[in-house]
Amino acid sequence: QVQLAESGGGSVQAGGSLRLSCAASESIVSISAMGWYRQAPGKQRDLIAAISSGGSPWYDSSVRGRITMSRDNANNTVYLQMNSLKPEDTAVYYCAAGRTYLSGWRFEYWGQGTQVTVLS
């Protein structure tokens, strides 16, 4: 069972940047799909970025152009670089691992989440 640990959250002024990290307990080379979700207070958890092995990242329209997801297979870590942050980006951000299918991704493992607060 893959264990995931996020870090890098915190408070930042609007327009600022944060980089989230997600360290996996095992090699991510064998994990076909990695993703980042976020959940704002009172809202559902939404997928905002995902990447398959050997593929290009996918981004939700709400964050496209402002975030970059990357995989560091050598260090079993995925990153989420977030720029031009807005107050509406305030949420708990979760890392997820799972599988890639023809129809999309299915995530089975989750981190504990890291809080991101963007101050106006």
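1. Met69 is a buried residue, its relative accessible area being 2%, and in this predicted model Met69 belongs to strand 7. The label "buried" applies because a residue counts as such when its relative accessible area is under 20%, and the value for Met69 is 2%.

2. The surroundings of Met69 can be listed once residues up to four places away in sequence are left out: Met69 then touches Met34, Gly35, Trp36, Ala49, Ala50, Ile51, Pro57, Tyr59, Tyr79 and Leu80.

3. In soluble globular proteins, nonpolar side chains tend to be buried together. Here the largest nonpolar core has 29 residues, and those with the most contacts inside it are Met34, Trp36, Leu80 and Met82. At least two residues of this core come from each of strand 3 (18-24), strand 4, strand 5, strand 7 (67-72), strand 8, strand 9 and strand 11 (114-119). Another core, of seven residues, lies apart from it and includes Ala33, Tyr37, Tyr94 and Ala96.

4. Which residues line the largest cavity, and how much space lies in it? The structure holds one cavity of 30 Å³ or more, and the space in the largest cavity is about 30 Å³. The residues around it are Arg38, Ile48, Val63, Arg66, Ile67, Met82, Leu85, Asp89 and Tyr93; sorted by class, this lining has six nonpolar, no polar and three charged residues.

5. The largest pocket has a volume of about 190 Å³. Its lining is made up of 14 residues, with Arg38, Ala40, Lys43, Asp46 and Glu88 lying nearest the centre, and the elements that give two or more residues to it are strand 4 (33-39) and strand 5 (46-52). Strand 5 gives the most, with three residues. By class, the lining of this pocket has five nonpolar, four polar and five charged residues.

6. A last point concerns Thr90, which is placed in the loop between strand 8 (77-82) and strand 9 (91-101). The side chain of Thr90 reaches the backbone oxygen of Pro87 at 2.9 Å. Leaving out residues up to four places away in sequence, Thr90 touches Ala40, Pro41, Gln115, Val116, Thr117 and Val118.

Key: Residues numbered from 1 in each chain as written. Predicted model: local features only at pLDDT ≥ 70, side-chain atom pairs only at ≥ 80, totals over all residues. Heavy atoms only, no water. 1 Å grid on protein atoms, 1.4 Å probe; cavity = no way out; pocket = protein on both sides within 12 Å on 5 of 7 lines; lining within 4 Å. Points joined across faces, edges and corners; volume = space filled by probe spheres on them. Helix = DSSP H or I, 4+ residues; strand = E, 2+ residues; numbered from the N terminus. Nonpolar A, V, L, I, M, F, W, Y, C, P; charged D, E, K, R; others polar. Polar contact = N/O pair within 3.5 Å; in protein donor to acceptor, adjacent residues only side chain to side chain. Contact = heavy atoms within 4.5 Å. Core = buried A, V, L, I, M, F, W, Y, C linked by side-chain atoms within 4.5 Å. Buried < 20%, exposed > 50% of the residue type's maximum accessible area, 1.4 Å probe, protein only.
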